[in-house]
Amino acid sequence: MGVEDQKDEIEMVKGFMLHCYHTLKSEFRWCMAYKLVPAGTFLWGNLLMKNTLDCLIKCQFGQPSNSDWSFVHNDDEGNGKCIEGSSRWIWVMAFFYVVNHGIAFTVDTSIGDLQLGEKAMRSLRTDIFAVMLQFTPESNEKFPTGKVMKMMENQTEAAVRLTWLNLFTLFEKTFTFAVVTFWLIYLALEEGGELDHFPATFRCVFR
């Protein structure tokens, strides 16, 4: 994609990435969107786990109530027992936990269906073959057909795997790192009682 200095490895990598992007724009955008999901499922899963633990704490130390969704019920003798209410909440969160894993599995399958690696290799091999057909006799002596065919088989796969596909992995890991960092900061603030200084809307989302 318009690389002037072909000896500059960084520029060559940039040019190859731009070539793949312009060839696979739709797949690129979908994959970037899908790569946001692992961080979301991590955050949602940890929120569910935290709320489950909160249920157990409230079940143990909460005040008895006759509400169907209360964590602690009054039994016939007026004693608080951890029964129906907390069980319902646990089942609700268990359902969403399964949904969370289902979303993660569906996204993994959808990323595979995009065939980003296969399509990029096919495009690159087609371009190499098109260039090979335009070789002059001098170029044919310098780059024999067997050598070019071997490069089409091995080097294209390495180029796609080490640059194009790693771009998506880097994006996913970076975004997940940011979300994990945010979650740890949130837990530290909550433990220290600092969340009371934040807006009520923010506190409601995570409590």
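Hi everyone, this is a short walk through one predicted model, from its overall layout to a few single residues.

A word on the ground rules. Residues are numbered from 1 along each chain as its sequence is written, and side-chain values use heavy atoms, with hydrogens and water left out. Because this is a predicted model, local features need pLDDT of at least 70 and side-chain atom pairs count only at pLDDT 80 or more, while totals for chains, interfaces and linings use all residues.

Let's start with the layout. The chain has 8 helices and 2 strands. Going along the sequence, the order reads α-α-α-β-β-α-α-α-α-α.

How much of the chain is buried? Of its 207 residues, 27% count as buried. Buried here means under 20% relative accessible area, exposed means over 50%, and partly exposed is in between, with a 1.4 Å probe and protein chains only. The accessible surface of the chain comes to about 14100 Å², and carbon and sulfur atoms hold 62% of that. Those areas come from the Shrake-Rupley method with a 1.4 Å probe, and for residues only the protein chains shown count as cover.

Contacts next, meaning heavy atoms within 4.5 Å. Among contacts between residues at least 6 apart in sequence, 57% join residues at least 24 apart.

Now to the inside. A nonpolar core is a set of buried Ala, Val, Leu, Ile, Met, Phe, Trp, Tyr and Cys residues joined through side-chain atoms within 4.5 Å. The largest one has 18 residues, and those touching the most other members are F16, C31, L116, A120, V160, W164 and F168. Two or more residues come from each of α1 (9-23), α2, α4, α5 and α7. A second, separate core has 6 residues, including A39, L43, L47 and Y186.

With a relative accessibility of 1%, C31 is buried. Not counting residues up to four places away in sequence, C31 touches I111, L114, L116 and F168. C20 is buried too, at 2% relative accessibility. And how many disulfides does the structure hold? The count is 0, where a disulfide would be a pair of cysteine sulfur atoms within 2.5 Å.

On to charges. Side chains of opposite charge can pair when their charged atoms come close. We call it a salt bridge when a side-chain nitrogen of Lys or Arg is within 4 Å of a carboxyl oxygen of Asp or Glu, and by this rule there are 2 salt bridges.

E27 sits in helix α2 (residues 25-34) and K119 in helix α5 (residues 116-132), so the pair ties together parts that are 92 residues apart in sequence. E27 is buried, at 17% relative accessible area, whereas K119 is partly exposed, at 23%.

The other pairs K35 with E172, and here the closest N and O atoms are 3.1 Å apart. This pair also links distant parts of the chain: K35 is in the loop between α2 and α3 (37-61), E172 is in helix α7 (residues 145-191), and they are 137 residues apart. Both K35 and E172 are buried, with K35 at 11% relative accessibility. Leaving aside neighbours within four places in sequence, K35 is in contact with I111, F168, F171 and E172.

Last, a backbone detail. Most residues other than glycine have a negative phi. Q115 has a positive phi of about 55° although it is not a glycine. Q115 is found in the loop between α4 and α5, and is partly exposed, with a relative accessible area of 36%.

Note on methods. Helices (H or I, at least four residues) and strands (E, at least two) are DSSP runs, numbered from the N terminus.
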